[in-house]
Amino acid sequence: MKNSKLVLATRPSPTISADIFRLEAEQVSPLSDGQFLIKNHYLSVDPAMRGWVTDMPNYIPPVEIGAVMRSFAVGEVVDSKHPDYTVGEFVYGLFGWQEFTISDGSDIERKVNPEDGPLSINLHVLGMTGATAWFGLTEIGDPKKGETVVVSTAAGAVGSMVGQIAKARGCRTVGITGSDEKATRCLKEFGYDAVLNYKTATDLAGDLANACPDGVDVYFDNVSGPITDTVMNLFNIGARMTVCGVIGISPDHVDGPRVSRTMLVKRAKMQGFLIFDHMHRLSEAVSGLLPLYKAGKLSFSEEVFEGLLSAPKGLESLLAGTNQGKVIVKLEG
């Protein structure tokens, strides 16, 4: 049995493209005691990969040249010499862009119940994406009924979950996105009360003020940069801000206003959030998200790329912002 895998062939210079990855194949090694073999069904494509393939300092070591591209995945146990994992079980973990994974259990985040819904939802609603939205919003943002919650990248995999969780908690939700099509989806699919297209707005500050007549209580920031500067000007006293992404700023040049006065005068809280600090609590997030999903309160969309070789194209689409929903790679077989 052969395992096909995509490895990182070179660092981006400077942009990420499909040619920084290389397809390799090798025989699957025999299992040792305490190991089991996973056949991956779905692979995840996430914004964090932008940082994972560079060699700049980050919250997690970069993917090494020649190593399998780091990725969350959902797969099925097809052979086992491990007492805790039996053939036919489904698991979710950091298995990489490859068809098969040999595991000893240390890279397993949780076992997956196929009866919860389609297997692919474990890569977003019930996976890292959903957990990011759940913990980042409920623990740092701590939204209260009647408060105004603003979300940047509102139509994205994380942003759409944030908006819907906030809505389920009785908040007014305002989304910021980058196209009219995504704005329509935010309103019709994700239930936002108001949505702004920052690319076409001629007066983003004025439009945002109109959308938030009572100010901003919670801001879930997926971009940073000028959009965040605009939102912060509307902070209410005691506002809370979750810093989840900074794709809107250059890593080697940060130019923007000093936020100290706003944070002081508004007695606001701004806290960085990384899901890897919370993955050991994934079951808690699933316990909160699954009832909302079962009740039909969590709409989502997927953009599925077929086959292992399509994974880099999926990443290009995600980073260009042309994707429509959570980017997933479905493997053959």
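Modeller: The cover over the buried residues of α9 includes β1 (2–8), β2 (21–27), α1 (49–52), β14 (302–306) and β15 (326–330). Buried means under 20% relative accessible area, exposed over 50%, partly exposed in between (1.4 Å probe, protein chains only). Helices (H or I, at least four residues) and strands (E, at least two) are DSSP runs, numbered from the N terminus. This is a predicted model: local features need pLDDT of at least 70, side-chain atom pairs count only at pLDDT 80 or more, and totals for chains, interfaces and linings use all residues. Residues are numbered from 1 along each chain as its sequence is written, and side-chain values use heavy atoms, leaving out hydrogens and water.

Helix α9 spans residues 311–320; its buried residues are Ala 311, Pro 312, Gly 314, Leu 315, Ser 317 and Leu 318.

Now α3, residues 157–168. Nine of its twelve residues are buried. Among them are Val 158, Met 161, Val 162 and Ile 165. The buried residues of α3 pack against α2, β8 (148–152), β9 (172–177), β11 (216–221) and α8. Gly 170 follows α3, and its phi is positive, near 85 degrees.

Helices α2 (residues 128–141) and α8 (residues 282–294) also pack together, at an angle of about 95 degrees, with axes 9 Å apart. Axes are lines fitted to C-alpha atoms, for helices over the stretch in contact, and angles run from 0 to 180 degrees between N-to-C directions. From α2, the contact (heavy atoms within 4.5 Å) uses Gly 130, Ala 131, Trp 134 and Phe 135. The α8 side includes Leu 282, Glu 284 and Leu 289.

Methods:
The expected span of a helix is 1.5 Å times one less than its number of residues.
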